[in-house]
Amino acid sequence: MVKIAPSILSADFANLGREVEALEKAGADIIHIDVMDGNFVPNLTIGPCVVKALRRYTQLPFDVHLMVKNPEQMIPWFAEAGADIITVHAEACKHLDKTLATIREYGVKAGVSLNPATNEDCLRYILDKLDLILIMSVNPGFGGQSFIKSQLEKITSVKELIGNKKIEIEVDGGINPMTAAECAAAGADILVAGTAVFAGGEYQKNINNLRQY
Ligand code: DX5
Ligand code: ZN
């Protein structure tokens, strides 16, 4: 069954501890944390001290999505703050192979994210360093955007590339019950959803709807 990773980008930022507790109660599998630096993407969000403060509110894995330039220096910050997965953007790393190795040295799972326009061929020679591939189905920076259909084909290609290796495919952006079904059918293992989980405050019902495919 596909795992649901709510993005706290759509949460009430004045009550993040309570929001994370509520998501766990509602049946979330993973907490997705969108870190934006106002440089790689035109938005500024969460730093390591917030991640550290949230750590005592839930046992769920923290999936830290770094939408930042030169993420290398931030790996120790987020590892020490309690991240279980750290995902960097292929477009933001000069030495991607080395950056992934560094993430694992901190005992954290290593992920690579690809923007919609980025070809999955760049993953071919780093598969042995990867625990997760995050396919962006919107241009990163903001919640509430529409799913970019062409990324379904990328999910299929990445699935093929992975073969029987133990790497999970995560899809992020514009996920709703309809696009969730399409992503799951194409081979996604984890779906990130902000808008669709937080809509109307009915977290449990919304999470269940995303699994109904
Ligand atoms: C976008 C973020 C996503 C986003 C998803 O840059 O990486 O995690 O919050 O939000 P929705 O589900 O609203 O598209
Ligand atoms: Zn994200």
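**Strand β4 and its neighbours**

Let's start with the sheet: β4 and strand β5 (residues 109-114) pair in the parallel sense over 5 bridges. Pairing here means that DSSP finds at least two bridges between two strands. Strands are DSSP runs of E with at least two residues, helices are runs of H or I with at least four, and both are numbered from the N terminus. A word on sources: this is a predicted model, where local features need pLDDT of at least 70 and side-chain atom pairs count only at pLDDT 80 or more. Residues are numbered from 1 along each chain as its sequence is written.

Back to β4. Thr87 has Gly111 as its bridge partner in β5. On the β3 side, 4 bridges join β3 to β4, again in parallel. There, His65 is partnered by Thr87 of β4.

What links these strands? Helix α3 (residues 75-81) makes a right-handed β-α-β unit with β3 and β4. Helix α4 (residues 96-105) makes a right-handed unit with β4 and β5. Right-handed means that, with the strands pointing away from the viewer, the path from the first strand over the helix to the second runs clockwise.

Is β4 buried or exposed? Of its 5 residues, 5 are buried, meaning under 20% relative accessible area with a 1.4 Å probe, protein chains only. In a regular strand, side chains alternate between the two faces of the sheet. Ile85, Thr87 and His89 point one way from β4. Ile86 and Val88 point the other way.

Technical notes
Chains lettered and ligands numbered in written order. Heavy atoms only, no water. Buried < 20%, exposed > 50% of the residue type's maximum accessible area, 1.4 Å probe, protein only.
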